[in-house]
Amino acid sequence: MNTAKEHYDRQLGAIYSWMTGSPEAALQRNRDLFRQLDIENVPRGLAVDLGAGSGIQSIPLAELGFSVVAVDFHSGLLAELRENAGNLTIQTVEDDILNFAKHMDGRAQIVVCMGDTLTHLSSLDAVQTLFSEVSNALAQGGVLVLTFRDYVSMELQGLQRFVPVRSDDSKILTCFLEYHEDTVEVYDVLYLKEAEQWTLRVSSYPKLRLGKNWIKDELGRNDFTVLGHELSGGMVGIVAKKS
């Protein structure tokens, strides 16, 4: 069984930006989201982006005036981030997100863990550890923004478990989901066209099944007040403030 890092190193990292579509559209979605969440009124200072990828959270945060520490385990995606960031104040860190605090200088005003990064952790204990570390790292009144895919409220059945992701003239990506009690095994089925021949690459990794109520309870145990949450397009979004 692959870890999330092994799966990204072997398969997903090289196509991740292609998979997510237009970089500018992704950046604009997060600019709009941060505006909707009133992040513009968070005191400026240090921001930490956990699972930063190619920068679709880090760049909008830096544009708002934050000094961003962008943490990810994939060197290729961080290289894309540095290329995309230009002269913005973003420090890239290649490491496990559980180790983020050792790369900080002072307390953060905002921490974001978005996309589906939270479900990449290895266990519920790891999620609890992350929340404790984030609570310790945030300034009083600091903000935590989470998004993660909802694998709990509805379990896909039969052919619904085959999920088309994206395709073009040279690549076709489909996911297949295999549900277990605490995890869902995600199989990324990738066809690549090379010299007029199609080749098949398949790799999989487990993602945690995280319920929003469990997340909210754990945040409460770590001195957070949940300001709001919503479910949209299969994703859960939670904003919390350090009490």
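Predicted model: local features only at pLDDT ≥ 70, side-chain atom pairs only at ≥ 80, totals over all residues.
**The strands around β11**

How many of the 8 residues of strand β11 are buried? The count is 7, so strand β11 (residues 235-242) is largely enclosed by the rest of the structure. Buried stands for a relative accessible area under 20%.

Another run of strands can be followed from β7. Strand β7 (residues 171-179) and strand β8 (residues 183-194) run antiparallel and are joined by 9 bridges. They form a hairpin with 3 residues between them, and leucine 177 faces valine 186 of β8 across the pairing.

β8 then continues to strand β9 (residues 197-208), with 12 bridges joining the antiparallel strands. Tyrosine 191 has leucine 200 in β9 as its bridge partner. The hairpin of β8 and β9 has 2 residues between the strands, and alanine 195 there takes a positive phi near 55°. Glutamate 196 lies in the loop between β8 and β9 as well.

Here are the antiparallel pairings side by side:

| Strand | Partner | Bridges |
|---|---|---|
| β7 | β8 | 9 bridges |
| β8 | β9 | 12 bridges |

**Backbone angles worth a look**

Most residues other than glycine have a negative phi. Glutamate 196 is not a glycine, yet its phi is positive at about 70°. With a relative accessible area of 61%, glutamate 196 counts as exposed, because the cut-off for that class is over 50%.

Aspartate 38 likewise has a positive phi, near 65°. Its place is the loop between α2 (23-36) and β1 (46-50). Aspartate 38 is partly exposed, at a relative accessible area of 41%.

**A residue in helix α5**

Glutamate 133 belongs to helix α5 (residues 124-137). Its relative accessible area of 28% makes it partly exposed. Which residues does glutamate 133 contact, leaving aside its neighbours within four places in sequence? They are Phe100 and Ala101. Asparagine 99 is 34 residues away from glutamate 133 in sequence, while their C-alpha atoms are 8.8 Å apart.

**The chain as a whole**

Taken together, the protein chain holds 6 helices and 11 strands. Its radius of gyration is 18 Å, which agrees with the value near 18 Å for a compact globule of 243 residues. Along the principal axes, the C-alpha trace spans about 55 × 40 × 30 Å.

Buried residues make up 49% of the 243 in the chain. Of the contacts with a separation of 6 or more, 60% are between residues 24 or more positions apart. The accessible surface comes to about 11,800 Å², and carbon and sulfur atoms account for 47% of that. As for charge, there are 22 positive and 33 negative side chains, and the centres of the two sets lie 3 Å apart.

Technical notes. Residues numbered from 1 in each chain as written. Heavy atoms only, no water. Pairing = 2+ DSSP bridges. Helix = DSSP H or I, 4+ residues; strand = E, 2+ residues; numbered from the N terminus. Rg over C-alpha atoms; globule rule 2.2 N^0.38 Å. Buried < 20%, exposed > 50% of the residue type's maximum accessible area, 1.4 Å probe, protein only. Contact = heavy atoms within 4.5 Å. Areas by Shrake-Rupley, 256 points an atom, 1.4 Å probe, with all protein chains shown as cover. Lys, Arg positive; Asp, Glu negative; His and termini not counted. Charge placed at Lys NZ, Arg CZ, Asp CG, Glu CD.
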